[in-house]
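These are my notebook entries on one structure.

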Amino acid sequence: METRETFAGLSTWQIALWYTLIVISTSIFAWGAGRLVIKYMRGRGSFPVDRPLHRAGRTAWIVFTHAWIKRRDGVAGLAHAMIFYGFVVLFIGTGILAFQDDFAEPILGWDFWQGTFYLVYSLFLDVFGAFLIIGLVILGVKRARKPKRLDYTRVDGVTSRYARWHYEVGDWAFVGSLLFLGVTGFFLEALRIAETDPSFEKWSPVGWVVGQGLIAIGVDGETASAAHFRSWWVHGVAALTFVAAIPFTKAVHMMAAPASVATRNDRAGKELVGLPPNARPEEVGYGVVTDMTPAHLLQLDACTKCGKCHEACPATASGYPLSPRDLVLDLREQSEGALGIRGWLTVPPLFHSDENLLGNPIKPETVWSCMQCMACVEICPVGIEHVPIINNLRRRLVDKGEMDSLLQTTLETIYESGNSFGEPKRKRGRWAKELDFEVKDARKEPVDVLWFVGDFASLDPRNIRVTQALARILHHAGVDFGILYEGERNAGNDVRRAGEEGLFTDLAESNIEAISACEFNRILTSDPHSFNTLKNEYPALGGSWDVVHHSQFLLELFQSGVLTAGKRLGRRVTYHDPCTLGRYNGVYDEPRALIAATGCELVEMQRVRDNSFCCGAGGGRIWMSELKAPDAPRPSESRMHEATALDRVSTFVVCCPKDVTMYEDAVKTSGHEGEIEVRELTELVLESLDLEPVALAAAAD
Amino acid sequence: MSVLVVAEHLRGQIRDVTRELITAARELGQVTVAAIGQDPGSLVDAVNIDGVAEIVTVTIGAGEFENDAYQAAVEALIADRKPRVTLLGFTVNSMGYGPAAAVKLGLGFASDVHGVALEGDAVIATRSFYGSKVSAELDFPGVDGVMLLLRPTVWAPAEGRGSASVSSLEVTAPASRARHRELVEASTSSDVDITQADFLLSIGRGIGDKENVEMFKELAAKMGATLSVSRPLVDAGWMPSSRQVGQSGKTVKPSVYLAFGISGAVQHLAGMKASGTIIAVNTDPEAAIFNVAQYGAKADLFDVAEELEKLY
Amino acid sequence: MKTVVCIKQVLQLGDEVEFTDDGLDVDPDYLDPALNEWDSFATEEALQLRERLGGEVVLVTCGSKASEAALRRCLAMGADRAIRIEGVDRDPFSVARALAEVVSAENADLVLCGVQSSDAVQAATGTALAELLDLPRAAVVTKVEYDAGARTAVVDRELEGGLVDRVEIDTPAVLTIQTGINEPRYANLRAIKQAEQVEIDVRNAAGGGVPAYRVRKMFVPDRGEGAEMIGGSPAEIAARIASIVKERLA
């Protein structure tokens with residue numbers, strides 16, 4: 001019968017020693033894992049447990065399909081899958097064996113580990129063991145080639161208490177130890193096969209081939225037996241050491257990453273979590289490590305330093321003192337040094353749990369460098385919520401008044417005037433008075449579509465031209481629409497992302513009150529920032545409506561035949577996905593369809609859709625002093641280089657007022673003036689409708 | 001109609017505003033000028049200007065301005081001469097005692113006045129409200145006298161040798177509760193002297209961000225201009241006070257004053273409106289600076305600055 | 001150490017204006033309220049004194065219920081309590097008389113006012129208040145060194161032309177605070193909302209006394225010649241400016 005003896009050649013006391021070692025190893029593992037859970041529970045609040053089935057199902061899907069891991073690096077994804085499934089199969093195989101040896105056979109008298117089952121079992125483990133090794137080799141080679149995203153040099157130049165070379169050692173130790181386990185496992189198998197050379201062991205193809213090799217070089221049965229005995233202990237002790245080390249090393253991600261994915265907030269970033277009612281100062285955002293939620297603390301440990309966020313971050317790319325990866329690692333060091341195993345064992349560097357998260361080594365500028373564009377959150381394979389974490393760090397700073405004076409002035413201005421320009425309230429609807437038709441006041445009469453215009457679109461002279469173009473299109477299409485005039489205030493999306501939660505609530509509540517007093521069917525926004533907060537964040541404050549972005553709305557008008565292009569524009573254009581429309585809300589196709597409807601040819605840039613590159617204005621950055629490295633191009637300038645490198649593209653199409661401002665500036669400052677022009681989608685649509693030129697006499701001068 | 005003018009002086013020198021007050025006063029009636037100081041006699045010559053009927057000297061203990069002493073002196077002068085109108089400059093010193101004397105004596109009062117007229121016996125003062133965007137005519141019913149603090153640089157300084165009679169008034173001033181210690185030059189840096197520049201490029205709050213200062217510094221360098229600023233940029237710590245144009249900064253008279261993003265607060269205008277040619281670029285078409293500028297443009301500052309840079 | 005800070009909610013006019021029917025003021029629809037800029041510096045100065053010396057910061061304003069927004073902003077900055085006086089004319093003497101009644105009862109060690117308000121620019125209320133309280137005063141202060149033991153303060157007064165007059169003043173005193181003396185802290189909205197729960201002590205003005213002036217007409221000033229406006233694109237504007245500059249400097 002095809003099988004093998006599990007403890008071949010081991011005496012009773014050796015078997016007893018082995019079981020003792022297993023108990024020690026698993027005890028260390030359990031203690032470490034328990035310390036981790038204790039660390040997370042020291043955070044504020046509790047782990048989310050809502051919709052457990054959904055969470056479990058989603059986590060299983062993400063983990064088993066590698067849907068997140070494989071993105072933007074298929075090779076690494078495949079290699080990781082080989083390691084993952086190799087490890088899983090070997091782990092299950094070991095489990096089956098333990099079940100047979102320690103339970104089924106001695107207690108039930110059921111011996112199933114033989115015959116066909118044994119052969120298939122052997123084949124499975126051998127093939128997946130080989131996958132494990134191949135995967136490890138691929139990742140080892142990738143790592144050895146030192147790609148930029150695996151360079152752990154800090155971007156902010158700060159000397160931290162925790163040296164980064166530890167990470168490199170840890171990475172290699174992790175890859176190396178798994179590789180060692182895989183290789184010694186096969187060697188062990190080969191020695192066993194070389195000992196007696198049973199023919200059915202062809203079902204362990206890798207072990208069999210190596211075994212035949214050993215026989216060919218003259219290893220006889222006795223030598224093999226002796227070597228097998230020694231190797232068995234080496235492999236076994238190494239495996240038990242690995243298990244014991246999981247909670248303390250990079251291997252922790254094997255548990256922390258799935259747990260992080262499972263407890264993550266699906267709406268992280270696009271709907272920030274509000275403050276508790278009547279929050280005390282210490283409840284506002286994150287000041288010390290115990291302010292963080294258990295889920296955020298867990299996420300820190302889930303990070304594998306894969307560098308995808310580091311690579312995607314526009315701030316990192318533009319020489320700002322921020323890398324999402326560095327921030328996560330710094331916070332991890334602090335939580336680990338204050339609350340974790342390292343803290344418990346008093347292994348330096350230690351942090352105090354009352355120590356400010358900011359100051360050492362994380363600089364406030366790091367937190368202010370973020371554009372809250374979600375590029376990091378979107379690409380993170382383990383579900384880390386960098387954007388909400390940064391937002392919480394900002395909230396504490398804003399609450400203490402520790403911020404850029406320009407941002408402070410802007411927030412004061414928004415509070416007092418309701419807009420970031422400090423313009424009188426009356427001026428908000430002035431653009432409408434310059435049109436040759438009347439724009440309804442939705443506060444005074446019912447409308448089908450309530451248009452929430454937004455600050456930039458209402459008050460910035462360049463964007464007013466776009467706003468008037470949209471009004472003209474709506475008028476032409478016979479849409480029954482109206483605006484709130486001075487009843488509208490800044491929507492608060494970026495105020496919230498800058499960390500001024502109280503002002504956001506104030507703005508949202510007054511807008512909700514103004515909107516609720518109107519009679520309408522749906523809300524149109526011409527600003528993706530307003531779109532996001534109205535759609536995703538106002539509902540929590542009592543304002544749930546059907547909210548649509550103007551690219552979606554205009555496309556509907558085309559699709560329903562209300563609008564038809566009078567002329568095909570025939571331009572070669574490229575399109576920039578605004579963060580708050582694309583990554584935040586998944587609106588990628590409508591603007592592209594609209595571009596097609598105007599008869600333009602779309603040439604895509606390299607970084608599109610979910611990988612779109614922020615213009616640099618988001619998260620309130622447009623209201624702060626510059627923090628980037630002096631010689632680095634601004635994000636918007638880097639984008640302009642990317643666009644102008646495309647073949648014969650005349651027009652850079654955007655559909656966000658801030659993009660109009662940012663990119664029109666960038667065309668000039670990046671030295672591409674005359675090569676490309678910035679157009680808002682609405683302007684293209686208006687041009688394609690072939691109406692009479694807009695009467696903008698009053699606005700143009 | 002009797003008018004009392006209080007001469008203002010610093011370090012023994014009569015300040016320009018005094019001669020401007022005399023111009024305003026002689027349009028109203030008979031002018032008495034008060035010279036208050038440790039040695040008021042030394043000031044008499046400087047205020048003996050055409051149109052001044054009388055000069056009254058009041059000797060006080062303080063070497064430089066002290067508001068308790070000035071208030072006592074002016075109250076005594078008003079009690080003694082009973083002027084219908086008392087004119088002071090709208091200056092930091094006058095702010096320290098003028099309103100106090102007026103409220104104590106029950107006078108009508110207005111400051112930052114830029115127009116004074118008589119309608120019969122009634123004094124009508126014109127001043128601005130709401131960021132100088134509107135003006136108002138004020139009258140003063142139910143009072144015997146009026147104290148007005150006149151905006152500097154509105155009236156031309158009075159010229160011409162006068163033949164005023166000189167007298168003195170004994171005033172026993174109480175002990176000062178706020179005692180002058182020393183005068184300190186706020187800006188002792190070795191920075192450029194903007195008052196000597198023939199061409200100033202001046203920037204204000206409209207530039208928005210500290211990092212934009214650099215851009216205008218470069219533009220100024222290219223155009224051969226000296227960079228100056230309005231008060232908010234100094235308050236924000238973006239530029240040293242030695243570069244500040246305005247009442248609390250320097251008074252400048254360059255041949256060309258090119259202003260970017262300066263809306264034109266009264267205090268700023270006072271420091272630059274005597275410039276040869278004023279050109280202002282601002283996004284607000286109602287900015288007060290357009291009232292004193294010969295040329296104006298309502299445009300994006302940065303666009304214009306960039307275009308200008310290309311021309312130099 | 002008790003410091004009273006007198007603040008004002010100012011009204012800001014945009015670039016459109018309509019007057020009330022009687023023509024004596026701007027139509028309130030065209031005015032947006034805001035905390036007077038100088039007063040945020042005065043409040044900050046008081047808070048810094050409290051941080052050094054302990055004590056209390058008390059706010060006083062004259063105005064309608066709406067002006068409580070300005071008080072709440074200063075409360076959110078950290079002031080301890082606030083008093084609002086109703087029914088006061090807007091001229092500086094009426095305001096000073098109303099303030100004097102309330103402030104004298106507070107027996108403060110220092111009274112701080114802004115130099116002036118941005119909507120009226122009289123620079124008179126603080127000095128008039130000092131007179132009515134019979135307190136020493138200093139106007140346009142850019143630095144305060146308070147000596148609690150000696151009951152004096154050394155203050156810098158910012159004169160014209162960048163000159164500073166250093167004055168030793170007996171306290172209690174009234175100081176009018178100039179912008180730039182400090183960096184006013186941010187009043188976050190969480191604090192402002194919590195300040196909404198603070199009860200504001202509302203008093204009625206006793207009235208009496210002749211106002212400083214009476215507005216008999218308000219109007220948009222004749223701009224006279226005004227500036228010759230240069231139109232066109234930024235490039236055209238720049239070209240014209242360059243030619244004017246060249247011509248004038250020639």
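How far does helix α2 (residues 52-65) of chain A reach from its first C-alpha to its last? I found that α2(A) has 14 residues and reaches 20 Å, close to the 20 Å expected at 1.5 Å a residue. The expected span of a helix is 1.5 Å times one less than its number of residues. Helices (H or I, at least four residues) and strands (E, at least two) are DSSP runs, numbered from the N terminus.

**Entry 1: ground rules.** I noted that this is a predicted model, in which local features need pLDDT of at least 70 and side-chain atom pairs count only at pLDDT 80 or more, while totals for chains, interfaces and linings use all residues. Residues are numbered from 1 along each chain as its sequence is written, and chains are lettered from A and ligands numbered from 1 in the order in which they are written.

**Entry 2: chain A as a whole.** I looked up the make-up of chain A and found 29 helices and nine strands. Its C-alpha atoms fill a box of roughly 100 × 55 × 50 Å along the principal axes. Chain A has 701 residues, and 48% of them count as buried. A residue is buried if 20 or more other C-beta atoms, placed from the backbone, lie within 10 Å of its own, exposed if 12 or fewer, and partly exposed in between. I then returned to α2(A), which is hardly covered: one of its 14 residues is buried. Just after this helix, H66(A) takes a positive phi of about 60 degrees.

**Entry 3: a sheet in chain A.** I traced an open sheet of four strands in chain A, in the order β7-β6-β8-β9, with parallel pairing. Two strands pair if DSSP finds at least two bridges between them. The edge strands are β7 (601-602) and β9 (677-680) of chain A, each of which pairs on one side only. Strand β6 (residues 572-575) of chain A is joined to β7(A) by two bridges, and R572(A) stands opposite E601(A) there. Helix α25 (residues 589-597) of chain A packs on the sheet and touches β6, β7 and β8 (651-654) of chain A; its direction makes about 170 degrees with that of β6(A). Helix α28 (residues 681-689) of chain A also packs on the sheet, touching β8 and β9 of chain A, and its direction makes about 80 degrees with that of β9(A). Axes are lines fitted to C-alpha atoms, for helices over the stretch in contact, and angles run from 0 to 180 degrees between N-to-C directions.

**Entry 4: chain C against chain B.** How many residues of chain C are in contact with chain B? I found that 70 residues of chain C are in contact with 78 residues of chain B. Two residues are in contact if their C-beta atoms, placed from the backbone, lie within 7 Å. On the side of chain C, helix α6 (residues 234-249) gives the most, with eleven residues. By class, this side has 44 nonpolar, nine polar and 17 charged residues. Ala, Val, Leu, Ile, Met, Phe, Trp, Tyr, Cys and Pro count as nonpolar, Asp, Glu, Lys and Arg as charged, and the others, Gly among them, as polar. Strand β12 (residues 178-185) of chain B and strand β9 (residues 163-170) of chain C pair in the antiparallel sense over seven bridges. I noted that E185(B) has L163(C) as its bridge partner.

**Entry 5: chain A against chain C.** Here 23 residues of chain A are in contact with 14 residues of chain C. The largest share of the side of chain A, six residues, comes from α17(A). That side divides into eight nonpolar, five polar and ten charged residues.

**Entry 6: a hairpin in chain B.** Strand β7 (residues 108-119) of chain B pairs with strand β8 (residues 122-129) of chain B in the antiparallel sense over six bridges. The two form a hairpin with two residues between them, and G120(B) in the turn has a positive phi of about 65 degrees.

**Entry 7: one residue of chain C.** Why does S117(C) count as buried? I found that S117(C) counts as buried because it has 24 C-beta neighbours inside 10 Å. S117(C) lies in the loop between β6 (110-114) and α4 (125-133) of chain C. Leaving aside neighbours within four places in sequence, S117(C) is in contact with K8(C), V10(C) and N36(C).
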